[in-house]
Amino acid sequence: MRPMSLFESGDSTGHISLNDLLDGGPCSADPPEPDLDRITELVCRGGFPRFTTMDPVDAGDRMRDYLQDIAMLDVKGGEASHDPLKMLALITSLARNEGTSASARTLTAGTVETGGPNDRGTVRRYLDRLVEAFVIEPLPAWSTHLRSSATLRSTPKRYFADPALAAAALRATPAGLRADLPTLGLLFESLAVRDLRVYAQSARADIRYYLDSNNLEADTVLTRGSGDWAAVEIKLGGSGAVTSAVESLRRVRDKVDARQAGEPSRLIVLTAVGPAFETADDIAVVPVTLLGP
């Protein structure tokens, strides 16, 4: 069971179905009401069922308590090397590297000043425990055929199971995130990936990411079998960011060898705010507060 998506918590209308989009359906709905302030609240509140009716700041306090409990828990049991302070420091380092495939070396370096684990073996062991406790969930890389000599990255990215976990680890608040758009962008991506995992499961689709050696990226790729794939870019919004995401998706479409992988069933830009619309070449731009299964 994953945390609740925005559709499940009543914070998305669900007027645009991901399954319908993947089947070529139209991207059309009334403009969403939520603004960026509401998105910051949803990021900090998260989708844990008991927290969805709480004030986002109070929910963040409860989430920090939950992380402290997780840090105290030796998931495998009985290992004398388990250190809750080191685990908490690693959780904070993971939050700073949310949505990346940061190496054990990078994560170790990020905990030096906070008493974190000082060797990569311990980091890897603690990461395994956090996956088992469903605090973090890896997002595997997509393996496909390309038209060019570029190579695809293969290391999974790591996301917290819920964006509020990352926000709590960073002690982020809605007010603080509104003043720090880069961090808000990372945590919004985490929220969007959480919801896409839920909706993709309903559509019987697998979810991965695309990143090649030329740093061309699609935040997620949804696959429903051989030759059936869709790419998604996630942006807070704004005309410039949306235009950039659309162009990036077009480059991904052109890079993938359609003779081997097939043409994409859909290219999608998932935003925090703004209208829903389609480009002339059928790229869907969808606010997350309109998306549903």
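The model is predicted. It holds 4 aromatic pairs and 1 cavity of 30 Å³ or more. Lys-157 has a charged end over the ring of Tyr-209 and a polar contact with Glu-217.

**Aromatic pairs**

- The structure has 4 aromatic pairs.
- One of them joins Phe-48 and Phe-51, and this pair is stacked. The ring centres are 5.9 Å apart, with 10 degrees between the planes.
- The cut-off for buried is under 20%.
- Another pair joins Trp-142 and Trp-229. Their ring centres lie 5.0 Å apart and their planes meet at 40 degrees, so this pair is tilted.
- Trp-142 sits in the loop between β2 (136–139) and β3 (157–160), while Trp-229 belongs to strand β6 (residues 229–235). The pair therefore ties together parts that are 87 residues apart in sequence.
- Both Trp-142 and Trp-229 are buried.
- Phe-48, Phe-51 and Tyr-66 form a cluster linked by ring pairs.

- Lys-157 is placed in strand β3.
- Is Lys-157 buried or exposed? Its relative accessibility is 5%, so Lys-157 counts as buried.
- The charged end of Lys-157 sits over the ring of Tyr-209, at 4.7 Å from the ring centre.
- The side chain of Lys-157 also makes a polar contact with the side chain of Glu-217, at 2.4 Å.

**The cavity**

- The structure holds 1 cavity of 30 Å³ or more. The largest cavity has about 40 Å³ of space.
- Which residues line the largest cavity? The lining consists of Arg-2, Glu-137, Tyr-159, Phe-160, Ala-161, Ser-190, Val-193, Arg-194 and Arg-197.
- β3 and α9 (181–202) are the elements that give two or more residues to this lining. α9 gives the most, with 4 residues.
- By residue class, the lining of the largest cavity divides into 4 nonpolar, 1 polar and 4 charged residues.

**Selected positions and C-alpha distances**

- Glu-41 is in helix α2 (residues 36–45). At 27% relative accessibility, Glu-41 counts as partly exposed.
- Glu-41 and Leu-177 are 136 residues apart along the chain, and their C-alpha atoms are separated by 9.3 Å.
- Arg-224 lies in the loop between β5 (217–223) and β6. Its relative accessible area is 24%, so Arg-224 is partly exposed.
- Arg-224 and Ala-200 are 24 residues apart along the chain, with 9.1 Å between their C-alpha atoms.
- Gly-238 is in the loop between β6 and α10 (239–255). With a relative accessible area of 43%, Gly-238 is partly exposed.
- Gly-238 and Asp-282 are 44 residues apart along the chain, and 19 Å separates their C-alpha atoms.

Note on methods
Residues are numbered from 1 along each chain as its sequence is written. This is a predicted model: local features need pLDDT of at least 70, side-chain atom pairs count only at pLDDT 80 or more; totals for chains, interfaces and linings use all residues. Side-chain values use heavy atoms; hydrogens and water are left out. Rings of Phe, Tyr and Trp (its six-membered ring) pair if their centres lie within 6.5 Å; planes under 30 degrees apart count as stacked, over 60 as edge-to-face and the rest as tilted. Buried means under 20% relative accessible area, exposed over 50%, partly exposed in between (1.4 Å probe, protein chains only). A charge sits over a ring if NZ of Lys or CZ of Arg is within 6 Å of the ring centre and within 35 degrees of the ring normal. On a 1 Å grid over the protein atoms alone, a cavity is a set of points where a 1.4 Å probe fits but cannot get out, and a pocket is an open set with protein on both sides within 12 Å along at least five of seven lines; lining residues have an atom within 4 Å of a point. Grid points are joined across faces, edges and corners, and a volume is the space filled by probe spheres set on the points. Ala, Val, Leu, Ile, Met, Phe, Trp, Tyr, Cys and Pro count as nonpolar, Asp, Glu, Lys and Arg as charged, and the others, Gly among them, as polar. A polar contact is a pair of N or O atoms within 3.5 Å; within protein, one must be able to donate a hydrogen and the other to accept it, and residues adjacent in sequence count only if both atoms are side-chain atoms.
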